Amino acid sequence: MGSVSLKIGDGTARFKRSTLCSSAVNILMILSVITTNLFALYAFTSSPKNNQTEQLHQVHKNFSLISEQVSLILREIDQSQKKLAQIEKQLLGYESFDLSRPNIAKELKLFLKPHKLPLGKDSKTGITEMVSSVGHLCEKSSDLLSQYMNYKVFGNCQDDWSFAQKLILKGCEPLPRRRCFAKTVNSKVNFLHPFPISLWKNVSNKTVNWSGFSCKSFECLNGKKLNRDCVHCFDLVNGYENQRFVKSRSKNDFVVDDVLALGNGGIRIGFDIGIGSGSFAAVMAEKNVTIVTTTLNIDAPFNEYIAARGLFPLFLSLNHRFPFYDNVFDLVRASSTLDYDNDVGGKQEKLEFLMFDIDRILRAGGLFWIDNFYCANEEKKVALTRLIEKFGYRKLKWVVGEKVDNGKYHVFLSAVLQKPVRV
């Protein structure tokens with residue numbers, strides 16, 4: 001036994017044997033540790049049997065309590081998982097319907113029922129059945145939805161397109177599919193003009209289903225102001241419609257040629273978020289640019305009219321995620337529909353959701369055309385301006401001006417912005 005010391009003096013290290021006294025102290029310490037352990041072992045092994053029994057009983061009791069607590073925790077976890085699964089199903093929009101209710105249409109029950117995959121379990125996802133897509137807010141309009149889904153299979157659909165639009169406006173989007181034939185208009189005589197003549201020829205009244213509208217002709221509709229983008233918008237020959245986007249009536253009215261020049265020849269396909277008769281798409285078609293126009297049939301058959309002109313209508317509300325992939329459009333135009341007081345719900349967050357979806361479908365370097373956004377007050381103009389600045393768009397054109405509407409001056413914002421490249 002001994003200790004080792006290290007002495008540094010002249011630059012060399014050498015070991016020195018420990019003294020006899022230090023060795024004795026070490027031996028004494030070891031003996032004391034061994035003695036203590038022996039006494040502890042004796043005390044433990046010489047305990048009375050009744051103490052051992054009590055200890056074992058206490059251990060068993062503690063084990064039972066722990067087992068009960070673990071079982072309780074496992075039950076709570078299982079219940080939480082079930083609740084989360086139910087919430088997920090409700091958010092996804094299926095299995096939130098109470099299909100046992102008597103007023104649920106049979107076709108709706110069949111549509112919402114899960115269907116087994118034809119080839120069995122999917123090896124990648126583990127999914128064994130498919131569930132049809134339907135908006136989760138449809139459950140809140142289940143009575144109206146059941147009327148919409150109450151029809152004769154392989155028969156003619158009821159003249160109920162207004163039901164579909166009401167459901168869409170209530171957030172029930174997408175709608176369920178149906179197994180009935182939609183109503184058609186008279187097809188014995190072709191009332192459609194060939195393209196591109198169809199772009200600026202008045203559409204025949206016989207090409208439209210007028211049910212559900214107060215007006216039964218386009219002449220009647222031309223006598224009404226349906227919205228800011230549709231004032232005499234169904235008169236393609238004698239009205240101002242054929243001059244829109246070609247000639248400017250105010251500094252806020254940009255013409256198509258000027259906007260296309262800002263795109264440096266890279267504008268080929270675009271998306272029009274407007275409420276009108278499709279004249280923007282018609283002007284762009286003459287410039288060899290394909291435009292998809294989103295619109296609803298609010299007070300007029302906008303979708304049929306746009307299609308009759310040989311253009312592409314999209315029956316869609318602004319609360320729906322645009323059904324396009326990311327970065328696909330060269331140009332997005334938004335007119336008065338960007339006025340979120342009326343169309344997007346009146347909240348800043350709703351406008352942000354819309355703007356982010358516009359940004360998503362617009363490619364980097366593409367153009368975002370804000371066409372005559374109505375600034376109800378200075379607060380709304382500042383809010384939109386700050387939101388645009390957060391996106392980092394480059395301002396190619398930016399005009400704030402006044403227009404007279406019903407004898408009053410209103411402030412409008414028009415701009416052409418370029419989406420930046422984000423890394």
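User: Okay, let me start with D330: buried or exposed?
Analyst: D330 is buried, at 0% relative accessibility. The cut-offs are under 20% relative accessible area for buried, over 50% for exposed, and partly exposed in between, with a 1.4 Å probe and protein chains only. Before we go on, this is a predicted model: local features need pLDDT of at least 70 and side-chain atom pairs count only at pLDDT 80 or more, while totals for chains, interfaces and linings use all residues. Residues are numbered from 1 along each chain as its sequence is written, and side-chain values use heavy atoms, with hydrogens and water left out.

User: Which residue forms a salt bridge with D330?
Analyst: R268 does, and the closest N and O atoms are 2.9 Å apart. R268 sits in the loop between α7 (256-262) and β7 (269-273), while D330 is in strand β10 (residues 329-334), so the pair ties together parts that are 62 residues apart in sequence. A salt bridge here is a side-chain nitrogen of Lys or Arg within 4 Å of a carboxyl oxygen of Asp or Glu. Helices (H or I, at least four residues) and strands (E, at least two) are DSSP runs, numbered from the N terminus.

User: How many salt bridges does the structure hold?
Analyst: It holds 13. One of them joins D359 and K419, with the closest N and O atoms 3.9 Å apart. D359 is in helix α10 (residues 348-361) and K419 in the segment after β13 (408-418), so that pair ties together parts 60 residues apart in sequence. D359 is buried at 8% relative accessible area, and K419 is buried too, at 6%.

User: And what do the side chains of R244 and E241 do?
Analyst: They meet in a salt bridge, 3.6 Å from N to O. R244 counts as buried with a relative accessible area of 17%, and E241 counts as buried at 4%.

User: Zooming out, how many helices and strands are there?
Analyst: There are 11 helices and 13 strands. Of the 423 residues, 38% are buried.

User: Now α5. Which of its residues are buried?
Analyst: In helix α5 (residues 161-169), they are F163, A164, Q165, L167 and I168. The buried residues of α5 pack against α4 (142-148) and β9 (312-315). Just after α5, G171 takes a positive phi of about 95°.

User: What kind of peptide bond joins E173 and P174?
Analyst: A cis one, with omega about 10°. P174 is in the loop between α5 and α6 (218-222). P196 is found in the loop between α5 and α6 as well, and a cis peptide bond joins F195 and P196, with omega about 5°.

User: What about N264, what's its phi?
Analyst: N264 has a positive phi of about 55° although it is not a glycine. N264 is in the loop between α7 and β7 and counts as exposed, at 68% relative accessibility. N372 also has a positive phi of about 55° without being a glycine, but N372 lies in strand β11 (residues 362-375) and is buried at 12%.

User: Last one: which residues form the nonpolar patch on the surface?
Analyst: I66, V70, I73, L74 and I77 do, with about 450 Å² of accessible area together. Patches are made of residues with over 30% relative accessible area and no salt bridge, where like charges are joined within 9 Å and nonpolar side chains (Val, Leu, Ile, Met, Phe, Trp, Tyr) within 5 Å. Areas come from the Shrake-Rupley method with a 1.4 Å probe, and for residues only the protein chains shown count as cover. I77 is in helix α2 (residues 49-92) and is partly exposed, at 42% relative accessible area.

Methods. Contact means heavy atoms within 4.5 Å.
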